[in-house]
Amino acid sequence: MNSVMTKLVDNEEFLILDSEFLGEQVEIKLVIESVNKERAQQLLAYQYEKQRKLSEALIDKLVQALNNDEYIEAMLNPIHISDTGKLMDGQHRLTALTRTGRTVQL
């Protein structure tokens with residue numbers, strides 16, 4: 001059975017999704033965070049070892065989108081962090097963010 005609840009812990013609000021994944025009951029924590037260049041660098045410093053190679057063309061497109069206020073934030077384009085804190089998905093978006101002065105919701 002799937003359920004969704006909102007929790008507030010240490011003044012941080014997040015959604016908890018209880019769901020089934022590959023036959024196992026799992027809890028997924030969704031947090032929307034304002035991410036700037038410094039925070040993006042922190043997230044990039046601790047990432048899953050088997051990330052695909054960075055594409056400068058994709059990063060350039062994302063930088064252009066960020067600078068033109070055309071970037072789709074959080075809910076449609078989330079960054080995935082494992083339960084151990086490793087970056088699983090989002091290296092191109094975060095790398096692009098480090099090349100701008102922007103802060104976005106991720």
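**Close-up views of a predicted model**

**View 1. Lining of the second largest pocket.** Ser-19, Glu-20, Phe-21, Val-26, Glu-27 and Ile-28 line the second largest pocket. Two elements each give two or more residues to this lining: strand 2 (12-21) and strand 3 (24-30). The model shown here and in the other views is predicted.

View 2. Sorted by class, the lining holds three nonpolar residues, two charged residues and one polar residue. Probing explains how such space is found: a probe the size of a water molecule, rolled over the atoms, shows where empty space is left.

**View 3. The largest nonpolar core.** This core has 16 residues. Which of them touch the most other members? They are Leu-94, Leu-97 and Leu-106. Helix 1 (37-44), helix 2 (56-67) and helix 3 (91-98) are the elements that give two or more residues to the core. Helix 2 supplies the largest share, four residues. As general background, nonpolar side chains tend to be buried together in soluble globular proteins.

**View 4. Val-104 in strand 7.** Strand 7 spans residues 104-105 and includes Val-104. Is Val-104 buried or exposed? Its relative accessibility is 3%. The cut-off for buried is under 20%, so Val-104 counts as buried.

**View 5. Val-104 and Val-35.** In sequence, Val-104 and Val-35 are 69 residues apart. In space, the C-alpha to C-alpha distance between Val-104 and Val-35 is 5.4 Å.

Key: Residues are numbered from 1 along each chain as its sequence is written. This is a predicted model: local features need pLDDT of at least 70, side-chain atom pairs count only at pLDDT 80 or more; totals for chains, interfaces and linings use all residues. Side-chain values use heavy atoms; hydrogens and water are left out. On a 1 Å grid over the protein atoms alone, a cavity is a set of points where a 1.4 Å probe fits but cannot get out, and a pocket is an open set with protein on both sides within 12 Å along at least five of seven lines; lining residues have an atom within 4 Å of a point. Ala, Val, Leu, Ile, Met, Phe, Trp, Tyr, Cys and Pro count as nonpolar, Asp, Glu, Lys and Arg as charged, and the others, Gly among them, as polar. A nonpolar core is a set of buried Ala, Val, Leu, Ile, Met, Phe, Trp, Tyr and Cys residues joined through side-chain atoms within 4.5 Å. Buried means under 20% relative accessible area, exposed over 50%, partly exposed in between (1.4 Å probe, protein chains only).
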